[in-house]
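Visitor: I would like to learn how to read side-chain surroundings in a model such as this one. Could we go through a few features in turn?

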Amino acid sequence: MNKDPLKTAGAVVLLVALCWAAFGGALQCGFVYFDDDQYVFENAAIAGGWSWSAVRWAFTTGHAANWHPLTWLSHMTDIELFGMDPRAHHAVNVWIHALNAVLLFGVLRKLTGRFGLAWWVAALWCVHPLRAESVVWVSERKDVLAMLFGLLAVGAYASPCPRGKMGWVALFFALSLMSKP
């Protein structure tokens with residue numbers, strides 16, 4: 001396993017750059033009237049940002065036939081931070097996807113001990129066309145969030161430290177489940 005931090009940092013920067021090269025154009029897009037309206041810009045519970053009633057709604061609703069409170073909370077956070085600027089909502093999806101590519105690289109590297117193979121798999125996954133819908137469609141935040149917490153669960157499971165490991169695995173798995181129905 002490669003222990004060179006500069007090589008690792010370069011690999012991470014390159015993965016993030018690949019992600020932005022593939023999906024950065026999403027920042028030029030707006031919201032679409034195919035779930036983005038129900039999820040974000042015409043959803044009164046979300047469009048108001050964070051409030052106790054909105055948080056309660058996120059955990060108790062089946063709005064748009066979905067129960068995914070972390071996705072609702074992430075959309076509320078976007079509204080709090082960026083308002084209704086669709087570019088920012090798209091940018092958050094791209095950043096989460098980039099983080100997922102880095103996590104995938106790290107998890108595969110840890111599990112296989114193969115730096116190059118782990119990087120290539122993460123790079124191909126990062127730019128694969130099947131990821132486009134999940135990354136560039138604001139409503140599909142649930143996919144990138146579920147992947148984020150799923151990778152954290154696998155990473156926690158692969159951790160060499162046995163103390164409390166399964167608690168972290170269970171927590172991240174539960175968060176993944178609360179991100180996507």
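Guide: Let us begin with a tryptophan: Trp119 is buried, since its relative accessible area of 11% falls under the 20% limit for that class. Please keep in mind throughout that this is a predicted model.

Visitor: Is Trp120 buried or exposed?

Guide: Trp120 is exposed, because its relative accessible area is 54% and the exposed class starts over 50%.

Visitor: How should I read the arrangement of the rings of Trp119 and Trp120?

Guide: One looks at the distance between ring centres and at the angle between ring planes, where an angle over 60 degrees counts as edge-to-face. The centres of the Trp119 and Trp120 rings are 5.0 Å apart and their planes stand at 85 degrees, so this pair is edge-to-face.

Visitor: How many aromatic pairs are there by this rule?

Guide: The count comes to nine aromatic pairs. Among them is the edge-to-face pair of Tyr33 and Phe41, with 5.0 Å from centre to centre and 90 degrees between the planes. Tyr33 and Phe41 also belong, together with Phe31, to one aromatic cluster, and Tyr33 is exposed, with a relative accessible area of 62%.

Visitor: Which rings have the charged end of a lysine over them?

Guide: The charged end of Lys7 sits over the ring of Phe115, 4.7 Å from the ring centre, while that of Lys165 sits over the ring of Tyr157 at 5.3 Å from its centre.

Visitor: Which residues touch the most other members of the largest nonpolar core?

Guide: As a general idea, nonpolar side chains in soluble globular proteins tend to be buried together. Here the largest nonpolar core has 45 residues, and those touching the most other members are Trp57, Trp72, Met76, Phe105 and Phe149. If residues up to four places away in sequence are not counted, Phe105 touches Thr8, Ala11, Val12, Leu15, Phe115, Ala118, Trp119 and Ala122.

Methods:
Residues are numbered from 1 along each chain as its sequence is written. This is a predicted model: local features need pLDDT of at least 70, side-chain atom pairs count only at pLDDT 80 or more; totals for chains, interfaces and linings use all residues. Side-chain values use heavy atoms; hydrogens and water are left out. Rings of Phe, Tyr and Trp (its six-membered ring) pair if their centres lie within 6.5 Å; planes under 30 degrees apart count as stacked, over 60 as edge-to-face and the rest as tilted. Buried means under 20% relative accessible area, exposed over 50%, partly exposed in between (1.4 Å probe, protein chains only). A charge sits over a ring if NZ of Lys or CZ of Arg is within 6 Å of the ring centre and within 35 degrees of the ring normal. A nonpolar core is a set of buried Ala, Val, Leu, Ile, Met, Phe, Trp, Tyr and Cys residues joined through side-chain atoms within 4.5 Å. Contact means heavy atoms within 4.5 Å.
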